[in-house]
Structure formats: C-alpha cells, structure tokens
Amino acid sequence: MGNIKFSVHRNPKTDPDAPDTYHVRPDSYATADRAEIVAHLQEHHHLSRVYTEPLLTELPHVIVEYLLENKTVHLQGLGTFSLRLAFRQHENDAEEKPIFTDPADITGNEVKIDGINFRPDKEFLDLMTTREVHFENATSRGRVGHTAQYTTEEVRRHVIEYLSTHDHLTRRQLMQLLGLTKHAAWKWLERLTAAPNALLKGEKVGTTFVYRIRNEG
C-alpha cells in the first residue's frame, strides 16, 4: 500500500478582500535518481546493472533525437513525448511574450523550443489508481503550509532591493528571499514580467531562467 503525504496551501490572491481558498500538493522531499532506480531493478526484478545502466543513460538522448526529427515518441505503457514550441523573445521587444497579428510575420527566426510535453498512457496512470493508497496530511488537519502573503508593492520593493546588490534573480532565490513556495514564486514572476508594467525581464541561461530589472531605455 502506498503512503502519500500531502500539504495544504493557501492560494495566492489578487483581491485581498476575496475569501481564502486552498489547494493540496504532494509533500515530496526526496528524489529517486538513476542509481537508485538501477539498484531497485537489480534487487526486485533481477535485471542486471550491465544492461539497465546504459539503457537509462541513453534513453533521454534517443528521445531527443526523434523529437528533433519532427517525430513524437510513444513508449507503450508509459506515454508520449512531444516538442513544445513558443515564440522567441527578442532583445528589444517591449512585450515579454511576443504577439503576432499577421501570420506572414511568423518565420523560423521567431520560433524556439520551449520544452517537452509528456502525456502519460492510461496504463501508466492505472498503475497508481488501481493500487490501495493512504493519504496523510503532513501539515496536520486545519493547518496550512507556509506561504507568505505580500502586496505587489512589497514584492516589487524586495526584488528591487535584492537586484541592487545582485546581478540577477532566480525562482529559487525569490523563494528564499520571500519565504514562498515554488508555485507562489512562479506566480509572482509571471506578474513581475507581465506587460505593460513589467518590472523584470527573464532570459534562459543554460537550464535556468534568470530575471533582471527591465531596461526601458
């Protein structure tokens, strides 16, 4: 039987007079990495590390190769991988997310790879839903996980102060700075980069998004 811990969190509010609403999230603090998965397969399914280690190493590369050949990748019983595209953000654009009103303006120069979509197969989902699972409230009944509440002015002030002594801000740094959950930090970054009063401009550096004060000049 599975034992899933969850935590209860208050949803961010744009209207301070609106009633509080809540959502639940899995309370996960550990990650099963490749080495642990290989050891599990070896111990419980008698699959040799000699075969499973190279397979798990090469599988991501194989999936990417097919995606870059304009194919989706379907692994029966697991799910389907496909590319996610978006418009490229140019250096001098006023809008954080480019908007096109004429399809003739959209060329290959305007497009980028934004990530990978994954749609699980029903068989994969059934592996969880058909098992007996016990849910445990990690925050205790009636209590709410910590998500600090700020006004927009307070968040902008804290971010400006931080960036006055730092080159950039990341989502993780914003979480630490304001004591936010991951979800709340993403929501604030969406607001802070949204036109027309955007404070920040984001860019991808390696695998991380970094944010800096938008230079209106």
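Colleague: Let's start with a single residue. Where is the place of histidine 46?

Modeller: Histidine 46 sits in the loop that lies between α1 and α2. Please keep in mind that this is a predicted model.

Colleague: Why does histidine 46 count as exposed?

Modeller: Its relative accessibility is 70%. The term exposed applies over 50%, so histidine 46 qualifies at 70%.

Colleague: And what is its phi, given that histidine 46 is not a glycine?

Modeller: Histidine 46 has a positive phi of about 55°. That deserves a second look because most residues other than glycine have a negative phi.

Colleague: What makes asparagine 70 exposed?

Modeller: The relative accessible area of asparagine 70 is 73%. With the cut-off for exposed being over 50%, asparagine 70 is therefore called exposed.

Colleague: Now the helix. How do you know that the span of α2 agrees with its number of residues?

Modeller: Helix α2 covers residues 49-67, which is 19 residues. At 1.5 Å a residue it should span 27 Å, and its end C-alpha atoms are 28 Å apart, so the two agree.

Colleague: Where in α2 does the kink lie?

Modeller: The kink is at glutamate 58, shortly before proline 60, and comes to about 35°.

Colleague: What caps the N-terminal end of α2?

Modeller: Serine 48 does, with a side-chain oxygen 3.1 Å from the backbone nitrogen of valine 50. A polar contact needs the two atoms within 3.5 Å, and the distance here is 3.1 Å.

Colleague: Which residues of α2 are buried, and what do they pack against?

Modeller: The buried ones are Thr52, Ile63 and Leu67. They pack against α1 (34-44), β3 (73-75), β4 (79-87) and β5 (111-120). The helix itself lies across β3, β4 and β5, at about 55° to β4.

Colleague: What is the order of the strands in that sheet?

Modeller: The sheet is open, has three strands in the order β3-β4-β5, and its pairing is antiparallel. The edge strands are β3 and β5, as each pairs on one side only. From one strand to the next, the twist averages 25°.

Colleague: What makes β4 and β5 a pair?

Modeller: They share nine bridges in the antiparallel sense, and a pair needs at least two. As a landmark, glycine 79 stands opposite proline 120 in β5.

Colleague: How many bridges do β7 and β9 have?

Modeller: Strands β7 (residues 169-170) and β9 (residues 208-213) pair over two bridges, antiparallel. The cut-off is at least two bridges, so two are enough. Here leucine 169 faces tyrosine 211 in β9.

Colleague: What do β8 and β9 form?

Modeller: They form a hairpin with two residues between the strands, and glycine 206 in the turn has a positive phi of about 70°. Six bridges join antiparallel β8 (residues 200-205) and β9, and lysine 204 stands opposite phenylalanine 209.

Colleague: Why are β2 and β6 said to stand at the edges?

Modeller: Their open sheet has three strands in the order β2-β1-β6, with mixed pairing. β2 (22-26) and β6 each have a single partner strand, so one side of each is left without a neighbour in the sheet. Neighbouring strands there are turned by 35° against each other on average, direction ignored. Between β1 and β6, which run parallel, there are five bridges, and phenylalanine 6 stands opposite asparagine 137 in β6.

Colleague: Why is serine 7 called buried?

Modeller: Serine 7, in strand β1 (residues 2-10), has a relative accessible area of 5%. Buried means under 20%, so serine 7 at 5% is buried. Its contacts beyond four places in sequence are His23, Val24, Arg25, Asp27 and Thr139.

Colleague: And why does tyrosine 150 count as partly exposed?

Modeller: Tyrosine 150 has a relative accessibility of 25%. Tyrosine 150 is in the loop between β6 (133-137) and α4 (152-163). Leaving out residues up to four places away in sequence, tyrosine 150 touches Val155, His158, Leu178, Leu180 and Trp188.

Note on methods
Residues are numbered from 1 along each chain as its sequence is written. This is a predicted model: local features need pLDDT of at least 70, side-chain atom pairs count only at pLDDT 80 or more; totals for chains, interfaces and linings use all residues. Side-chain values use heavy atoms; hydrogens and water are left out. Helices (H or I, at least four residues) and strands (E, at least two) are DSSP runs, numbered from the N terminus. The expected span of a helix is 1.5 Å times one less than its number of residues. The bend at a residue is the angle between axes fitted to the seven residues ending there and the seven starting there. Buried means under 20% relative accessible area, exposed over 50%, partly exposed in between (1.4 Å probe, protein chains only). Contact means heavy atoms within 4.5 Å. A polar contact is a pair of N or O atoms within 3.5 Å; within protein, one must be able to donate a hydrogen and the other to accept it, and residues adjacent in sequence count only if both atoms are side-chain atoms. Axes are lines fitted to C-alpha atoms, for helices over the stretch in contact, and angles run from 0 to 180 degrees between N-to-C directions.
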